[in-house]
Amino acid sequence: MTVSFNGKKPSRRAVLKGALAAGGAVAGATMARAAGPDLLITQTQPWAQGLGEGVDATPYGLPIRFESDVVRRNVEWLTADTISSINFTPIHALDGTITPQGCAFERHHSGAIELRKEDYRLMINGLVDTPLVFTYEDLERFPRVNRVHFCECAANTGMEWAGAQLNGAQFTHGMIHNMEYSGVPLGTLLKEAGVQTEGKWVYVEGADASSNGRSIPLEKAMEDVLVAFKANGEALRKEHGYPVRLVVPGWEGNMWVKWLRRVEVTDGPVESREETSKYTDTLADGTSRKWTWVMDAKSVVTSPSPQSPITHGHGPLVITGLAWSGHGKITRVDVTVDGGKTWQQARLAADPQDKAVTRFYLDHVWQGEEMLLQSRAMDETGYVQPTKDALRDVRGENSIYHNNCIQTWWVKSDGEAENVEIS
Ligand SMILES: Nc1nc2c(c(=O)[nH]1)N[C@H]1C(S)=C(S)[C@@H](COP(=O)(O)O)O[C@H]1N2
Ligand SMILES: [Mo]
């Protein structure tokens, strides 16, 4: 068994010696300190000596400047420019499950476009009784639903196939966001147009230069796909498809067409117009499989993690992370602090929702021992998130997409954490 990081390969025993030496719970560990002289308590502070800012100082509020680190980041060497590129959600610094739009990852093939509601049109054509064109106002008049769903790019964790690569949960797992969408079921609009019996698929495309055209089986389109215009209560941000995007619950991000302009009902997939060769999964024998649209169950510990080290010393430690499945609800998350020797069932913060992110916590007592931290998600189909080795046995090391393996953070005695692999 080896741990590998930064090219070095220390033996797993060496790493684990520290982790296992520290055993039982700490007696008398306290999260508060005994009352004593503290100038922050005993002296009047500057912020209490004058007045604060008036109500109109910031008509649309932004995070306080002390949180300026909690931002999307990109990895410069990953793409040639920032137009056809991707950045990452700072999941290591967030809590709860809803991703604020302002720090939700972006993925554009030809940049984020600015499209006014007044100029917005959605056409439904192809194998329908009545081809239709909707304005933004038209869409607002159909019965609406609210749903929380994750959107994960198929390439999330894609740099990690051949070895532990990027040092932070933001970069290894940050191509995901989870928002509450308000919109109209696509099925409602398709029924309005009247799908003909030969209609078996829909071809969906966006108004940007890339168009990001994709084919979706009609069954999925009628089941739970949404034509969404609000996220987390407010208008979609430009970068997430303002004014209207497609929400394709549980399916890979590239189907979630932004700036949605057209839905064509077809009798089969329109592969000639798609970048199908891009979104395939390489298998260990060198062959590829396509149409792996559903995102399998996955989880990651967001803190502690490389960008969120332990800074508060020994005693109570909240270990937390995210779990999600494109097949339905998360039913259970287990966490190990010893590289998988022993697992503990984590506490789910709220009732898991369908095809949405679930927050988990493990309330741990840390005595400075080294830890090999992992989480393992299970979903309502009984599927269990695989180890990296198990996934590699099937997919080899040359894949890019659909890496949902168990992630390991090596937490050292000083509280710093590093992205490692154990096998
Ligand atoms: N029109 C259009 N839709 C698009 C894309 C695009 O470039 N153009 N990128 C897709 C990809 S690959 C992903 S992962 C998601 C990302 O959505 P986000 O930018 O809101 O995070 O949008 C999808 N929809
Ligand atoms: Mo993507």
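Modeller: One term to begin with: a residue counts as near a molecule if one of its heavy atoms lies within 4 Å of it. Keep in mind that this is a predicted model.

Biologist: Fine. How many residues surround ligand 1, and which are the closest?

Modeller: There are 21 residues around ligand 1. Phe105, His109, Asp208, Arg245 and Lys258 are the closest.

Biologist: What is the make-up of that shell in nonpolar, polar and charged residues?

Modeller: The shell around ligand 1 has six nonpolar, nine polar and six charged residues.

Biologist: Which atom of ligand 1 faces the side chain of Asp208, and at what distance?

Modeller: That is a nitrogen atom of ligand 1, 2.8 Å from an N or O atom in the Asp208 side chain.

Biologist: And what do His109 and Lys258 reach?

Modeller: Oxygen, in each case. A polar side-chain atom of His109 is 2.7 Å from an oxygen atom of ligand 1. For Lys258, the distance from a side-chain N or O atom to an oxygen atom of the ligand is 2.5 Å.

Biologist: How much of ligand 1 does the protein bury?

Modeller: The protein buries 100% of the 530 Å² that ligand 1 exposes when taken alone.

Biologist: Where does ligand 1 sit, then?

Modeller: In the largest cavity. That cavity has a volume of about 240 Å³, and its lining consists of 21 residues. Nearest its centre are Arg107, Arg245, Gly253, Trp256 and Lys258. By class, the lining splits into seven nonpolar, eight polar and six charged residues.

Biologist: How many cavities of 30 Å³ or more are there?

Modeller: The count is three.

Biologist: Switching to open sites. What is the volume of the largest pocket, and how is it lined?

Modeller: Its volume is about 350 Å³. The lining of the largest pocket has 18 residues, and those nearest the centre are His92, Ala93, Ser303, Ser308 and Pro309. Eight of the lining residues are nonpolar, seven are polar and three are charged.

Biologist: Which element gives the most to that lining?

Modeller: Strand 17, residues 315–324, with three residues.

Biologist: Now the backbone. Which peptide bonds are cis?

Modeller: One joins Tyr242 and Pro243, with omega about 5 degrees. Pro243 is in the loop between strand 11 (234–235) and strand 12 (245–247). Another runs from Ser303 to Pro304, with omega near -5 degrees. Pro304 belongs to the loop between strand 16 (298–303) and strand 17.

Definitions and conventions. Residues numbered from 1 in each chain as written. Chains lettered and ligands numbered in written order. Predicted model: local features only at pLDDT ≥ 70, side-chain atom pairs only at ≥ 80, totals over all residues. Heavy atoms only, no water. Polar contact = N/O pair within 3.5 Å; in protein donor to acceptor, adjacent residues only side chain to side chain. Areas by Shrake-Rupley, 256 points an atom, 1.4 Å probe, with all protein chains shown as cover. 1 Å grid on protein atoms, 1.4 Å probe; cavity = no way out; pocket = protein on both sides within 12 Å on 5 of 7 lines; lining within 4 Å. Sits in = over half its atoms within 2 Å of the grid points. Nonpolar A, V, L, I, M, F, W, Y, C, P; charged D, E, K, R; others polar. Points joined across faces, edges and corners; volume = space filled by probe spheres on them. Helix = DSSP H or I, 4+ residues; strand = E, 2+ residues; numbered from the N terminus.
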